[in-house]
Amino acid sequence: MKFSKKPDTIDAVQWLITNVPDIMVFLNTTELRAVFTPDGLLLVIQTLHGERRVRPGQWIVQDAEGSCFSCSGEWLHARYDAVKERSE
């Protein structure tokens with residue numbers, strides 16, 4: 001049996017190290033934690049499924065159900081097209 005993905009609209013923000021306030025607004029949180037590992041700096045975010053670690057340059061995605069996850073730009077752009085936001 002084969003399945004195709006239903007059209008979804010997601011929200012996403014890229015972690016650029018300097019945009020922590022934007023990430024906090026996006027996740028609707030007042031607390032974020034960064035950790036230093038042998039692989040470098042990681043941002044730790046709380047999701048419905050527990051903690052997730054985000055590397056600089058990765059995207060934080062929130063789907064229609066409110067689940068958050070991190071992904072690379074390649075993964076994001078291979079699956080989603082940018083939606084032009086309407087100016088109010």
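**Salt bridges, rings, pockets and backbone in a predicted model**

Colleague: How many salt bridges does the count come to?

Modeller: The count comes to two salt bridges, where a salt bridge is a side-chain nitrogen of Lys or Arg within 4 Å of a carboxyl oxygen of Asp or Glu. Side chains of opposite charge can pair when their charged atoms come close. Before the cases, some ground rules. This is a predicted model, in which local features need pLDDT of at least 70 and side-chain atom pairs count only at pLDDT 80 or more, while totals for chains, interfaces and linings use all residues. Residues are numbered from 1 along each chain as its sequence is written, and side-chain values use heavy atoms, with hydrogens and water left out.

Colleague: Which residue forms a salt bridge with R33, and which strands do the two lie in?

Modeller: The partner of R33 is E51, and their closest N and O atoms are 2.7 Å apart. R33 sits in strand β2 (residues 33-37) and E51 in strand β4 (residues 50-54), so the pair links distant parts of the chain, 18 residues apart. Helices (H or I, at least four residues) and strands (E, at least two) are DSSP runs, numbered from the N terminus. R33 has a relative accessible area of 39% and is partly exposed; E51, at 40%, is also partly exposed. The classes are buried for under 20% relative accessible area, exposed for over 50%, and partly exposed in between (1.4 Å probe, protein chains only).

Colleague: Which residue forms a salt bridge with R55?

Modeller: R55 pairs with D39, with 4.0 Å between the closest N and O atoms. R55 is in the loop between β4 and β5 (59-62) and D39 is in the loop between β2 and β3, so this pair ties together parts 16 residues apart in sequence. R55 is partly exposed at 38% relative accessibility, whereas D39 is exposed at 63%.

Colleague: How are aromatic pairs read, and how many are there?

Modeller: Rings of Phe, Tyr and Trp (its six-membered ring) pair if their centres lie within 6.5 Å; planes under 30 degrees apart count as stacked, over 60 as edge-to-face and the rest as tilted. By this rule there are two aromatic pairs. F69 and W75 are edge-to-face, at 5.6 Å centre to centre and 85° between the planes. The W75 and Y80 rings have centres 6.4 Å apart and planes at 50°, so that pair is tilted. F69, W75 and Y80 form one aromatic cluster.

Colleague: What volume does the largest pocket have, and what lines it?

Modeller: Rolling a probe the size of a water molecule over the atoms shows where empty space is left. On a 1 Å grid over the protein atoms alone, probed at 1.4 Å, a pocket is an open set of points with protein on both sides within 12 Å along at least five of seven lines, and lining residues have an atom within 4 Å of a point. A volume is the space filled by probe spheres set on the points, which are joined across faces, edges and corners. The largest pocket holds about 480 Å³. Its lining has 17 residues, with I10, A12, D81, A82 and V83 nearest the centre. β1 (11-14) and α2 (73-79) each supply at least two lining residues, and α2 gives the most, with three. By class, the lining has eight nonpolar, two polar and seven charged residues. Ala, Val, Leu, Ile, Met, Phe, Trp, Tyr, Cys and Pro count as nonpolar, Asp, Glu, Lys and Arg as charged, and the others, Gly among them, as polar.

Colleague: Which residues lie closest to the centre of the second largest pocket?

Modeller: The second largest pocket has a volume of about 190 Å³. Of its 15 lining residues, L27, T29, I45, Q46 and T47 are the closest to its centre. α1 (20-27) and β3 (40-47) each supply at least two residues of this lining, and β3 has the largest share, four residues. The lining divides into seven nonpolar, five polar and three charged residues.

Colleague: What is the phi of I17, and what is the phi of N28?

Modeller: Most residues other than glycine have a negative phi. I17 is not a glycine, yet has a positive phi of about 70°. I17 lies in the loop between β1 and α1 and is partly exposed at 43%. N28, also not a glycine, has a positive phi of about 55°. N28 is in the loop between α1 and β2 and is exposed, at 73% relative accessibility.
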